[in-house]
Amino acid sequence: MQGRSTSLLDILNLSLGFLGVDEVTDYDTPNSTAADKCKRFMLLAIDKIQRDYIWKELLTTETLVAVVDEPLNYTIPSDCLRPMGAKLPLPSTPETWIGASVDLKYDVVGQDLVLNYETTDDVEMFFVRRDDDPTKWSSELEESIALCVAMRACFLVTDNQNLMQQLTGDLLSLTLPKARELQSKYAKNYAKLLPSGFSNLQARLS
């Protein structure tokens, strides 16, 4: 189910609430030392939480664009956080140069998906996308990100080791397991679809 937050300001204020700090009224210029420290971890927390779990609201399929002058290469979408697999047209004789059968028909190099054969058909990727808009998040994703921000910023804001441990326990032992349960019917094991190199994706700030 959709969460209540409508902006990153709402997520920031949830994090501040977990830390026992007053809310702010502006995200860009919060005029709060605690809010500034929390904001340092906002984008990192969004990427981490969205990447580490298979969220139903973030799953998508997109046709890839071929790279000019690179007939085997297709550009991975810039909002791709976690590729889940590729839907490929199979060639009639998928063999290597030594005549062995090919199990892996694609890999990732940099930000490109690379086939080991040429095709004129569409190549589609199924992936978890990055989304910074809280209105598109479920309530469990909303809470997980807010808790992750609070956990990361806790010691900087409160200097309270016990609170940091409590927030960490809440996130790892309560919130994320419950989120996985709520989204369990989407949390299939796609590991067999993942070729090597899928961790080699461009970071947000690169």
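**Helix packing and local features**

Helix α3 touches helix α4 through Met42, Ala45, Ile46, Lys48, Ile49 and Gln50, which meet Leu141, Ser144, Ile145, Cys148, Val149 and Arg152 of α4. Sorted by class, the residues of this α3–α4 contact are eight nonpolar, two polar and two charged. The model is predicted. Its protein chain has 206 residues, of which 42% are buried, and its secondary structure amounts to five helices and seven strands.

**Overall layout**

- Along the sequence, the elements of the protein chain run α-α-α-β-β-β-β-β-β-β-α-α.
- Of the contacts in the protein chain between residues at least 6 apart in sequence, 75% link residues at least 24 apart.

**Packing of α3 with α4**

- Two packed helices are described by the angle between their axes and by the distance between the axes.
- Helix α3 spans residues 42–52, and its axis crosses that of α4 at roughly 130 degrees, coming within 9 Å.
- The handedness of the α3–α4 crossing is right-handed.

**Packing of α4 with α5**

- Helix α4 covers residues 139–158 and helix α5 covers residues 161–182; their axes lie 9 Å apart, at an angle of about 165 degrees.
- Because angles over 145 degrees count as roughly antiparallel, α4 and α5 are roughly antiparallel to each other.
- The α4–α5 crossing is left-handed.
- On the α4 side, the contact residues are Glu140, Glu143, Ser144, Leu147, Cys148, Ala150, Met151, Cys154, Phe155 and Thr158.
- On the α5 side, they are Gln161, Leu163, Met164, Leu167, Thr168, Asp170, Leu171, Thr175, Leu176, Ala179 and Leu182.
- By class, the α4–α5 contact holds 13 nonpolar, five polar and three charged residues.
- Ser144 and Cys148 of α4 are listed in the contact with α3 and also in the contact with α5.

**Aromatic pair**

- One aromatic pair turns up in a search of the whole structure.
- The pair consists of Tyr53 and Trp55, with ring centres 5.9 Å apart and 50 degrees between the planes, a tilted arrangement.
- Trp55 has a relative accessible area of 1%; as buried means under 20%, Trp55 is buried.

- Asn31 is not a glycine, yet its phi is positive, at about 55 degrees.
- Asn31 sits in the loop that joins α1 (8–18) to α2 (33–39).
- The relative accessibility of Asn31 is 79%, and since exposed means over 50%, Asn31 is classed as exposed.
- Asp69, also a residue other than glycine, has a positive phi near 65 degrees.
- Asp69 belongs to the loop between β2 (65–67) and β3 (70–75).
- With a relative accessible area of 73%, Asp69 is exposed.

- Thr75 is part of strand β3.
- The relative accessibility of Thr75 is 35%, so this residue is partly exposed.
- Apart from neighbours within four places in sequence, Thr75 contacts Leu64, Val65, Val67, Gln111 and Asp112.
- Thr75 and Gln111 are 36 residues apart along the chain, and their C-alpha atoms are separated by 6.3 Å.

Definitions and conventions: Residues are numbered from 1 along each chain as its sequence is written. This is a predicted model: local features need pLDDT of at least 70, side-chain atom pairs count only at pLDDT 80 or more; totals for chains, interfaces and linings use all residues. Side-chain values use heavy atoms; hydrogens and water are left out. Axes are lines fitted to C-alpha atoms, for helices over the stretch in contact, and angles run from 0 to 180 degrees between N-to-C directions. Helices (H or I, at least four residues) and strands (E, at least two) are DSSP runs, numbered from the N terminus. Angles under 35 degrees count as roughly parallel, over 145 as roughly antiparallel, 65 to 115 as roughly perpendicular and the rest as oblique. A crossing is left-handed if the near helix is turned anticlockwise from the far one by less than a right angle, and right-handed if clockwise. Contact means heavy atoms within 4.5 Å. Ala, Val, Leu, Ile, Met, Phe, Trp, Tyr, Cys and Pro count as nonpolar, Asp, Glu, Lys and Arg as charged, and the others, Gly among them, as polar. Rings of Phe, Tyr and Trp (its six-membered ring) pair if their centres lie within 6.5 Å; planes under 30 degrees apart count as stacked, over 60 as edge-to-face and the rest as tilted. Buried means under 20% relative accessible area, exposed over 50%, partly exposed in between (1.4 Å probe, protein chains only).
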